[in-house]
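User: I would like to go through this structure with you. Please begin with the local geometry and then move on to the packing.

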Amino acid sequence: MTAVRWVGRCPECQAWGTMAEAGVRAAALTRPAAVTPRTAAEPISKTDSAVARAAATGIGELDRVLGGGLVPGAVLLLAGEPGVGKSTLLLEVGQKYAQRGGPPALLITGEESTAQVRARAQRTHTMHEDFFLAAENDLGAVIAHLDEVKPGLLILDSVQTIASSTVEGGVGGVPQIRAVTATISAIAKERGIATVLVGHVTKDGSIAGPRALEHLVDVVLYFEGDRHTSLRMLRAIKNRFGATDEVGCFEMHEEGIDELPDPSGLFVSTRDIAVPGTCVTVTVTGRRPLLAEVQALVSPYGASSGSPRRSFTDLDSSRVNMLLAVLGRLSDLQRLSEREVYAASVGGIKISEPAVDLAVAMAVASAATDRPLPANLFAIGEISLSGDVRRVSGVQRRLSEAARLGFRKALVPHGSDWSLVAGLKVYEVPTIAAAWQTVSAL
């Protein structure tokens, strides 16, 4: 019987005075290891930062998200839905890296054969003599390829398909993913290899594997997009070398993927005649203002029981329902609760920020009254439950982007600063009722 404190009576035999005090062996202390001149501590002001300087990848939208480009020794984790275009994008990255000279690029695939990857590279025109390719599933073989090729860029597609023979567990399990990522990260930082790890995602969109996986890498990127549209967006969730509020836009097509430095045209319909139920707005994604069009359809409700249908695509459903309730208080739209309402954004872009509330409300009101909005008009503003139009951030950038693309009339919240934007007729509206009256009078 062992106890952590003195007791007079033994809990097992119930005898008194039989417990004897004994010392506990001290825990072994970790002995200090030898410090080499290369790893010796030095003042932070004398540390050489040139080795961690980003180098442009040749893909401007990717460089925008990364904060300048790839940093030698940095480890990136790229995740996204199956079929969104991760492998196609990385083929472009590897080919651009090989083109600039210097150390070669190495792509190791654990999901496809080399023939399959070569066929895609040939179709997307991303082949180069200094772009090496191998198909492996063993971590030891991956390290052997690194020793032989000595790349400056390593692309591992994907980290869940690589296993270490020294770690127990199946391929893709938590111990394997943690061990593979830690080993590759240590080698990358020791040899200065910029590394991109492709990660699988689960049903809810999170990265498969342990949560620690995101802590082991320097940058976490998400590649997003609807497979039914050509638009793809790249976002940084974690970035030790730059901001996490940037977004890169790309367009998928049969011959590969192209960056979109000016993607606003994808989200606005082109028509000669104004139609009811449409309104253009300017949403800020990261630091980038993007024009987007909201479309609405209001139809009579013909069912004998139940509630009118509400269907919203790529919009925040809870906010749109709130806007419908606020709109129902206007004299022109008091029977809106008895009609079916459908609303969506154009081009597959998901709009969730409150700054698009006014555009959604104007599109629904236009559809409900069958009156088209004036040409070259756009609207920005957040709407409260009381019907007030609140100011939003980045008004100058939003107005400047719309003016650059030819829009000449703007609905903005009352008190917004728009003095630096020329060529616009700006209407300041304090409430949603005033906004609808202003639009109806134009």
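Analyst: Ser158 has its place in the loop between β4 and α5. Please keep in mind that this is a predicted model. The peptide bond between Asp157 and Ser158 is cis, with omega at about 5 degrees.

User: Then where does His125 sit, given its positive phi?

Analyst: His125 is placed in the loop between α3 and β3. Its phi is about 60 degrees, a positive value, although His125 is not a glycine.

User: Buried or exposed, that His125?

Analyst: His125 counts as exposed, because its relative accessibility is 57% and the exposed class starts over 50%.

User: And Asp370, what is its phi?

Analyst: Phi of Asp370 is positive as well, near 60 degrees, in a residue other than glycine. Asp370 belongs to the loop between α8 and β14, and with 57% relative accessibility it counts as exposed.

User: What else is in that loop between α8 and β14?

Analyst: Ala375 is found there, with β14 covering 377-379. At 51% relative accessibility, Ala375 counts as exposed, since the limit is over 50%. The C-alpha atoms of Ala375 and Val159 are 51 Å from each other, and these residues are 216 apart along the chain.

User: Changing topic: which residues have the most contacts inside the largest nonpolar core?

Analyst: They are Leu327, Leu336, Leu358, Met362, Val364 and Leu411, in a core of 50 residues. Helix α8, residues 357-369, contributes the most to this core, with 10 residues.

User: What does Leu327 touch?

Analyst: Leaving aside neighbours within four places in sequence, Leu327 is in contact with Leu333, Leu336, Ala361, Val364, Ala365 and Ile432. Another core lies apart from this one; it has 34 residues, including Val71, Leu153, Phe223 and Ala236.

User: Now the strands. How do β2 and β3 run, and how many bridges join them?

Analyst: Strands β2 (residues 105-109) and β3 (residues 131-135) run parallel and are joined by five bridges. One of the pairs is Ala105 with Phe131 in β3. With helix α3, residues 114-123, the two strands make a right-handed β-α-β unit.

User: Which residues of α4 are buried?

Analyst: In α4, residues 139-149, the buried residues are Leu139, Ala141, Val142, His145, Leu146 and Val149. They lie on the same side of α4, because they cover an arc of only 160 degrees around the axis.

User: Why would residues three or four places apart point the same way?

Analyst: An α-helix has 3.6 residues a turn, so residues with that spacing point the same way.

User: What covers the buried residues of α4?

Analyst: The cover includes β2, β3, β4 (153-157) and α5 (174-191).

User: And what is found at the ends of α4?

Analyst: Asp138 caps the N-terminal end, with a side-chain oxygen 3.0 Å from the backbone nitrogen of Gly140. Lys150 follows α4 and has a positive phi, near 55 degrees.

User: On to the polar residues. Where is Arg120, and what does its side chain meet?

Analyst: Arg120 lies in helix α3. Its side chain and that of Glu112 are joined by a polar contact of 2.5 Å. Not counting residues up to four places away in sequence, Arg120 touches Ser87, Thr88, Leu91 and Glu112. Arg120 counts as buried because its relative accessibility is 16%, and buried means under 20%.

User: And Gln95, buried or exposed?

Analyst: Gln95 is buried, with a relative accessible area of 8%. This residue lies in helix α2, residues 86-99. Apart from neighbours within four places in sequence, Gln95 is in contact with His125, Thr126, Met127, His128 and Phe131.

User: Last one: what is the setting of Arg232?

Analyst: Arg232 lies in strand β7, residues 231-239, and is buried, with a relative accessible area of 4%. A polar atom of its side chain lies 2.7 Å from the backbone oxygen of Val84. Gly348 is 116 residues from Arg232 in sequence, and their C-alpha atoms are 9.5 Å apart in space.

How values were computed. Residues are numbered from 1 along each chain as its sequence is written. This is a predicted model: local features need pLDDT of at least 70, side-chain atom pairs count only at pLDDT 80 or more; totals for chains, interfaces and linings use all residues. Side-chain values use heavy atoms; hydrogens and water are left out. A nonpolar core is a set of buried Ala, Val, Leu, Ile, Met, Phe, Trp, Tyr and Cys residues joined through side-chain atoms within 4.5 Å. Buried means under 20% relative accessible area, exposed over 50%, partly exposed in between (1.4 Å probe, protein chains only). Helices (H or I, at least four residues) and strands (E, at least two) are DSSP runs, numbered from the N terminus. Contact means heavy atoms within 4.5 Å. Two strands pair if DSSP finds at least two bridges between them. A crossover is right-handed if, with the strands pointing away from the viewer, the path from the first strand over the helix to the second runs clockwise. The arc is that of the directions from the helix axis to the C-beta atoms. A polar contact is a pair of N or O atoms within 3.5 Å; within protein, one must be able to donate a hydrogen and the other to accept it, and residues adjacent in sequence count only if both atoms are side-chain atoms.
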